[in-house]
Amino acid sequence: MEVTDVGNKEEGKLWCRKPAPGKGVLLTVVRNAHQTKIRFLHAAFDTTGESFLAGDHHGNIYAFDISRNRFRLVQKTGQACTALAFCLRRTTEFLVALVDNTVKCFDKDTKQLISCMRGHEGAVSSISIHSSGRYAITTSSDTAQLWDLDTFQRERKLNVQQSVGIQKVFFLPHRNTILSCFNDDSIFAWESGTLVCKYQLPVPDCGPRIFYKTFAVTGDGKTLAAGGRSNLLHLWCLEPKELVNVIQMPAQVRAVRQLEFLPDSFDEGASQTLGVLGQDGVMHFINIHTSKLLFHIGSHSNAITGVTVSPTGRHVVAILDNGGISVYSVQSLTQELNKPPLPQLVVIPGGTANQEPSNLKAKVQSEAGQRQTKNKGRAKRVQIHTPSAGSTVEDKENQLPGGLNKKRLVALLKTFGEYPAKYRMFVWRSLLYLPENYAAYSSLTDKGLHSAYLTLHEKYPIKSQKLQRGLQRVLSASAHWAAIFGEVEYLPLITFPFVKLFQNNPMVCFEVVATVLVNWCQHWFEFFPNPPLNVLSMAENILAHHDKELLQHLVDCGITSQLYLWPLLETLFSEVLTRDEWLRLFDNVFSNHPSFLLMACVAYLMCCREPLLLCCQKQDFEYFFHHRNNLNTEDMIKEAYRLMNNTPDDIHPRTTLSDFTPLTKGQYPLFNKYPEFIVEYQNREKEKIRQEEMEYLQERQEVSMLRADLMQRQAEDDAYFAQQALLQKAEEQRRNILAQEEAKLTQQRKKLTAMKRELKLNELQLLDANKKRLLKHQQDHHVSQIQKLDQEIRRKMDLREQETAAALQDLEMKQMELEIQRRQLQQQLCKEQFRIERQVEEEAQLLMKSAKKEEQLQGADANKKALGGFLAEACQPGSDSSWQRDVAKGPPHLDWLQRKRERLAVFDRRALAEGDRLTDTWRDTAGREWDEVVNDRAHLMEQQQSRPATHTTRGVIYRPSFTTSRTETADAKPANSGATPKQAGSNTVCLNASSPAASTSTIFSLDRGRAHLDSKERQLIKDIRDLRQRLVTRAKEGSVA
């Protein structure tokens, strides 16, 4: 059996050498990583049946391809899987249910995540795919959900009460039907398209309740098998919806874990073989129609926890309890089914020619393990043959169990040299007439291991534990059968080849070994415990007859038959032949008389005569007969047949050895062809020795206990004194260590003081350096601050100059605006005066006209004079008294004219007062604005700290002057009034001093406070220079230190 360790590999080969066709277990896969076994949990086949997926509890998904002999890691999910299934439509995609209650779809070629489906609250226990590949059903304990695999969306959800619970929900193969199975053993069928309930299977009322846990459906969807907490199986026929059969499993099966139908290519989906996995970890395959056990896989020591069957029925993958995976070949497991068909003729002994055919008809029935008929309705054809009386005895001798004929087998053997490997075991069992006494063999094995073979592994160590246990079991059964076989030292050498050949069927192995001991080992034990000298003498006589030269050479070299014949017989040629050569030889040995084995020994000597004639030393002969040699087995077998035919009867072993005698059925025959007194004496002596050995062992155990106590006490005393010595030594060591530590501590203190002094010096140096660096940093900072101040002063001076220039420009603009306003006012005043004068002239003209009329009355001259004086006074508002006097002297009808003049005089005075007020207001506003400009400039000069002395030059800024004048003209008329018109002179206004002058312009000066500002500026420049000098001196002192 090939064991493949996946380990941490991502891909590799399944097996280095392809398994033999006859092996049931093709492969066993395990995974060990970092000395830890990682368990596989689930497996799933694809549609081809040659590749399957397997997931372990670390979340790794592996793809195993049996046909291509490859495996590879297809996905790492990071968490254990609870179910696996391949998609039927897209063959590279597969579904995996994880412990986080999600179902994910991956592509095994690209290793990409296709989709993640969520919705379950519990772990998903099964995934069922519809035959079309479009839909999938995932089942957990609380719900079942229907998914569309094209869109990966949930279509429907089945919820049940918590008290009921869901066992499994799945699609029927090739049908649009969904079966839902619940904890109360109820089974419902639903239409997959509409989810309408089609029918319900009736719950059986009679008989014990099974408590369904697992279900299986045939490929055609017509038969349902159900099992649970019982050894009973229910078979339902889904078309009539009735329970058709109840199958009871063997007593060792108390509960059913899993059911799987085994598909067949020729049954059109109507599977007849059902696999039943019991609680004991063994899966039994039975025929559901005959209820006959066909074969089984697994064992109690290698239990199975889960099984997956390929869709083609060629392979079975079993998840083992130890975490591994075993891949079984169904074709190899059904060896009994692959036996040749039974003969089609029935031989009836003692028949006569005149018997009627109706009396000769016999019904042929197949035994357990025979190939079952695919078509139940087809009847077997039975031919009736009436043999002659003369051939009856010969036919009896050649007729073998199982319908074989020995004569034909021998002819086949002589033609091909060996039997077909596929049918060799079957042929051997037929040739040896094995009785298959199960009960007798069980009684032998129930006695346990024989005391003679308890320590067999010490003398014959075997790497395989299975072979070791099988060899011990067969040898113990042989020793319990006959006492001598517990004393024969070479019996393991005889038995081992057959144990290795029949390791899966220990009972057949025992019966083959017993048959060999009874027939081919005749007279071997008569001289026990010495080699069989009588048998060796027969072989020596044959060699002396056919090759005297070789025998004489052996005698001359002092080589006896115990050296050149007995090694071949006691090992049955297993040491000098390969496996295939040994099998070919024993095909001929079992097909001939028991004397053929001695002839084969002589034939081996004669075929190797050339190298034997060259050997002279005893060690060379011993080596030659215990190791493989370059020999043609076919020539040796032909030589053995020649010796069988050409050896005279007087020396032929056939006359001494009995014919072949098979084992008896029911009970094994009594074997006593050995000196019983010697065996009994040896048994008594061995028993005596064993008792003495037991007493000796008991006494030795007591002495060893006393010695152990003594040694323990002595060890305790020695340990006490050693402990005291160690304590004293430790105390001295501690004192020395303390002294050394004190010396070290003193040195360390000195070093520490020196280090502290050095650290202080370094600290002082660092402080000085830091101080210098700080001073330099402060100096640089002050310099940078001074530079910043210089730049700020320059910037502010420039800004102030710009602001001053802007203020001056604004002042000029305001002066210009005031000038414009003044001129506009003058224009308005002139216009008003012109209007008034026009009005006065108009009134004067009216008066003149009226005066003319009066002059006509009073005289023209007097009126003219009076009128001229009136006009002169009206033009000069300042001369009111004379004008009023003249008017008062006028005639009475001129009172309204006097009142009009008075109103004109009042209006003129108001206009003059308003013009004076506007002029004073403009002068005050201009003076205040200019004072503000001068104050701002003085404040700016105070902030300047490093302004050169050359900037102290002062100047006077002159601004254009303006003149306000008002001229009043009046025509002096000295005849009636002595008043002269008032003339208004123009005044010059200065912002610094308001003294009248004869100038016609106003001058603005900026000299107010200039001397004070110059003194402050000079003092600030001096302080800055002193500060710079002190900083330079301090920097020089720091650098010198």
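Tutor: Contact here means heavy atoms within 4.5 Å. The model is a predicted one. With that cut-off, start at a single residue. Phe106 is found in strand β12, residues 103-107. At 6% relative accessibility, under the 20% limit, Phe106 counts as buried. Neighbours within four places in sequence aside, Phe106 is in contact with Gln75, Thr77, Thr92, Glu93, Phe94, Val96, Gln112, Leu113 and Ile114. Gln75 sits 31 residues from Phe106 along the chain, yet their C-alpha atoms are separated by 7.9 Å.

Residues up to four places away not counted, Thr82 touches His42, Ala97, Leu98, Val99, Ala123, Val124 and Ser125.

Now the whole. The protein has 24 helices and 34 strands. Of its 1041 residues, 41% are buried. Among contacts with a separation of 6 or more, 58% join residues 24 or more positions apart. The accessible surface comes to about 60100 Å², and carbon and sulfur atoms hold 51% of that surface.

Next, helix α12, residues 548-556. Its buried residues are Leu550, Leu551, His553 and Leu554. Seen down the axis of α12, they fall within an arc of 160°, so they line one face of the helix. An α-helix has 3.6 residues a turn, so residues three or four places apart point the same way. The face of α12 turned away from the buried side carries Lys548 and Asp556, both exposed. What covers the buried residues of α12? The cover includes α11 (533-546), α13 (561-564), α16 (596-607), α17 (609-614) and α18 (618-624). Just after α12, Gly558 takes a positive phi of about 75°.

Helix α6, residues 438-445, can be read in the same way. Ala440, Tyr441 and Leu444 are buried in α6. They cover an arc of only 95° around the axis, which puts them on the same side of α6. On the other side of α6, Tyr438 and Ala439 are exposed. The buried residues of α6 pack against α8 (465-481) and α10 (506-519).

Then the core. The largest nonpolar core has 104 residues, and Phe498, Trp524 and Phe573 touch the most other members. Helix α16 gives the largest share of this core, 11 residues. As noted, α16 is also part of the cover over the buried residues of α12. Trp524 touches Tyr490, Ile494, Pro532, Val535, Trp566, Leu569, Leu572 and Leu597, residues up to four places away in sequence not counted. Another core, of 20 residues, lies apart from the largest one, and Phe40, Ala43, Ala54 and Val317 are among its members. In general, nonpolar side chains tend to be buried together in soluble globular proteins.

Aromatic rings come next. The structure holds 37 aromatic pairs. One of them, Tyr62 with Phe64, is tilted: 6.2 Å centre to centre, with 35° between the planes. Tyr62 is buried at a relative accessible area of 1%. Phe64 is buried at 1% relative accessibility. Trp428 and Phe590 form an edge-to-face pair, 4.9 Å centre to centre and 90° between the planes. Trp428 lies in helix α5 (424-431) and Phe590 in helix α15 (579-590), so the pair ties together parts that are 162 residues apart in sequence. Trp428 is buried, with a relative accessible area of 1%. Phe590 is buried as well, at 3% relative accessibility. Trp428 and Phe590 also belong to one aromatic cluster, formed with Tyr433, Phe498, Trp520, Trp582, Phe586 and Phe660. Phe498 has already come up among the residues that touch the most other members of the largest core.

Last, charges over rings. The charged end of Lys168 sits over the ring of Phe170, 5.2 Å from its centre. The charged end of Arg229 sits over the ring of Phe211, 5.5 Å from its centre.

Note on methods: Residues are numbered from 1 along each chain as its sequence is written. This is a predicted model: local features need pLDDT of at least 70, side-chain atom pairs count only at pLDDT 80 or more; totals for chains, interfaces and linings use all residues. Side-chain values use heavy atoms; hydrogens and water are left out. Buried means under 20% relative accessible area, exposed over 50%, partly exposed in between (1.4 Å probe, protein chains only). Helices (H or I, at least four residues) and strands (E, at least two) are DSSP runs, numbered from the N terminus. The arc is that of the directions from the helix axis to the C-beta atoms. A nonpolar core is a set of buried Ala, Val, Leu, Ile, Met, Phe, Trp, Tyr and Cys residues joined through side-chain atoms within 4.5 Å. Rings of Phe, Tyr and Trp (its six-membered ring) pair if their centres lie within 6.5 Å; planes under 30 degrees apart count as stacked, over 60 as edge-to-face and the rest as tilted. A charge sits over a ring if NZ of Lys or CZ of Arg is within 6 Å of the ring centre and within 35 degrees of the ring normal. Accessible areas come from the Shrake-Rupley method with a 1.4 Å probe; for residues, only the protein chains shown count as cover.
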